[in-house]
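Have the sequence and the 3D view open as you read.

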Amino acid sequence: MSKALYNATIIPEIIKLIVEKYNLSEKEAMDTFYKSETAKALNDPETGLYGQSALFIFSQYVMEEEQ
């Protein structure tokens, strides 16, 4: 699966999880996710996040937010 296709399928799942956990609008969830270190790491092949499940990436995001 190409990286673009992977991101197009995985990111909406992550956004949905953020909306549910933090009671945000979809736009707010997208804004906070795209500004996060987790989102940056997702696009960096060195981190190993690419190819992980939405739930795993979401858990990384939650850990970042709750630090």
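## Around Phe-33

Leaving out residues up to four places away in sequence, Phe-33 touches Ile-11, Ile-14, Ile-15, Ile-18, Thr-38, Ala-39, Leu-42, Ile-57 and Tyr-61, where contact means heavy atoms within 4.5 Å. This is a predicted model, in which local features need pLDDT of at least 70 and side-chain atom pairs count only at pLDDT 80 or more, while totals for chains, interfaces and linings use all residues. Residues are numbered from 1 along each chain as its sequence is written, and side-chain values use heavy atoms, with hydrogens and water left out.

Phe-33 lies in helix H2; helices here are DSSP runs (H or I, at least four residues), numbered from the N terminus. Val-19 is 14 residues from Phe-33 in sequence and 10 Å away in space, C-alpha to C-alpha.

How does accessibility look for the residues in this story? The table uses relative accessible area: under 20% is buried, over 50% is exposed, and anything in between is partly exposed (1.4 Å probe, protein chains only).

| Residue | Relative accessible area | Class |
|---|---|---|
| Phe-33 | 0% | buried |
| Tyr-61 | 2% | buried |
| Ser-36 | 2% | buried |
| Tyr-6 | 7% | buried |
| Tyr-50 | 32% | partly exposed |
| Asn-23 | 71% | exposed |

## Ring pairs

The structure holds four aromatic pairs. To count as one, rings of Phe, Tyr and Trp (its six-membered ring) need centres within 6.5 Å; planes under 30 degrees apart are stacked, over 60 edge-to-face, and the rest tilted.

One of the pairs is Tyr-6 with Tyr-50, an edge-to-face arrangement at 4.8 Å centre to centre with 70° between the planes. Tyr-6 sits in helix H1 (residues 3-22) and Tyr-50 in the loop between helix H3 (37-42) and helix H4 (54-65), so this pair ties together parts that are 44 residues apart in sequence.

Then there's Phe-33 with Tyr-61: their ring centres are 5.9 Å apart and the planes meet at 55°, so the pair is tilted. This one also links distant parts of the chain, with Phe-33 in helix H2 (residues 26-34) and Tyr-61 in helix H4, 28 residues apart.

Which residues make up the aromatic cluster? Tyr-22, Phe-33, Tyr-34 and Tyr-61 form it.

## H1 against H4

Two packed helices are described by the angle between their axes and the distance between the axes. For H1 and H4, the angle is about 50° and the axes are 9 Å apart; axes are lines fitted to C-alpha atoms over the stretch in contact, with angles from 0 to 180 degrees between N-to-C directions. That makes H1 oblique to H4, the label left after roughly parallel (under 35 degrees), roughly antiparallel (over 145) and roughly perpendicular (65 to 115).

On the H1 side, the contact residues include Tyr-6, Lys-21 and Tyr-22, and on the H4 side they include Phe-58 and Tyr-61.

## Two loop residues

Ser-36 is in the loop between H2 and H3. Not counting residues up to four places away in sequence, Ser-36 touches Tyr-61 and Glu-64.

Asn-23 is in the loop between H1 and H2. Although Asn-23 is not a glycine, its phi is positive, at about 55°.
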